[in-house]
Amino acid sequence: MIYKKVSKSSHRWLLEHFNDKYVKEAQKNRLRSRSWFKLEEIDKKNKLFRSGMHVLDLGSSPGGWSQYAVSKIGKKGHVIAFDILPMKKIIGVDFFQIDFFNKKKLQLMLNNFSNSNFNVIMSDMAPNMTGCSFIDMPRIIEICNIALKISNCLLSRNGILLLKSFQGEGFNDFFSQMKLFFSKIKIFKPKTSRARSREIFILATR
């Protein structure tokens with residue numbers, strides 16, 4: 001077996017990750033990921049969820065957001081989750097493994113759920129980051145456009161889209177495009193996001 005030397009940057013990330021208070025709290029409470037706390041913070045400030053809602057979770061694995069949403073919408077609600085990666089079962093969540101970059105599969109998904117009206121569509125999707133902005137940002141914007149397309153087809157009237165994006169080239173143009181479809185939009189960064197992260201969240205209401 002060949003062992004690869006861990007780079008200094010990877011070593012720093014591992015130390016930061018396992019010393020992160022939200023990672024420790026998630027492990028302590030048997031939560032799927034630290035992202036639970038991001039959604040909890042966003043929800044407390046904006047009151048996203050109500051009992052009985054229908055929620056669509058894009059980029060759901062390992063399941064932190066789905067797990068949180070189920071806890072808020074109750075047994076009368078329903079969460080449908082999608083990811084290119086597998087996800088362990090969560091009671092109250094129907095999970096489908098799909099690659100949204102496959103246009104035929106994306107269209108099939110849209111057709112299958114065309115009669116659904118989701119109250120909340122949330123996307124925590126992100127590409128594998130290279131650290132090179134000129135490579136990462138086009139991928140990020142492409143993913144954001146996929147989430148926007150899905151929301152335009154499946155989001156209910158007065159529905160909410162919660163979308164993760166990143167600061168960088170192409171974001172302003174994408175944000176201008178969002179204004180064509182939503183009546184209220186705001187951008188923010190939760191305190192639970194890591195300080196060095198360039199991620200931001202868009203909350204848009206029809």
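Trainee: What is the volume of the second largest pocket?

Mentor: This is a predicted model, in which local features need pLDDT of at least 70 and side-chain atom pairs count only at pLDDT 80 or more, while totals for chains, interfaces and linings use all residues. Residues are numbered from 1 along each chain as its sequence is written, and side-chain values use heavy atoms, without hydrogens and water. A pocket is an open set of points on a 1 Å grid over the protein atoms alone where a 1.4 Å probe fits, with protein on both sides within 12 Å along at least five of seven lines. With volume taken as the space filled by probe spheres set on the points, joined across faces, edges and corners, the second largest pocket has about 150 Å³.

Trainee: Which element gives the most to the lining of the second largest pocket?

Mentor: Lining residues have an atom within 4 Å of a point, and here they are Phe100, Phe101, Lys103, Leu106, Glu142, Ile146 and Lys149. By class, four are nonpolar, none polar and three charged. Helices (H or I, at least four residues) and strands (E, at least two) are DSSP runs; α5 (103-112) and α6 each supply at least two lining residues, and the most, three residues, come from α6.

Trainee: How many residues line the largest pocket, and which lie nearest its centre?

Mentor: The largest pocket holds about 1,400 Å³ of space. Two or more lining residues come from each of α1 (8-19), α3 (35-46), α4 (64-73), α6 (133-154) and β5 (155-166), with α6 giving the most, six. By class, the lining has 18 nonpolar, 11 polar and 12 charged residues. It is made up of 41 residues, and nearest the centre lie Asp124, Ala126, Pro127, Met129 and Lys164.

Definitions and conventions. Nonpolar A, V, L, I, M, F, W, Y, C, P; charged D, E, K, R; others polar.
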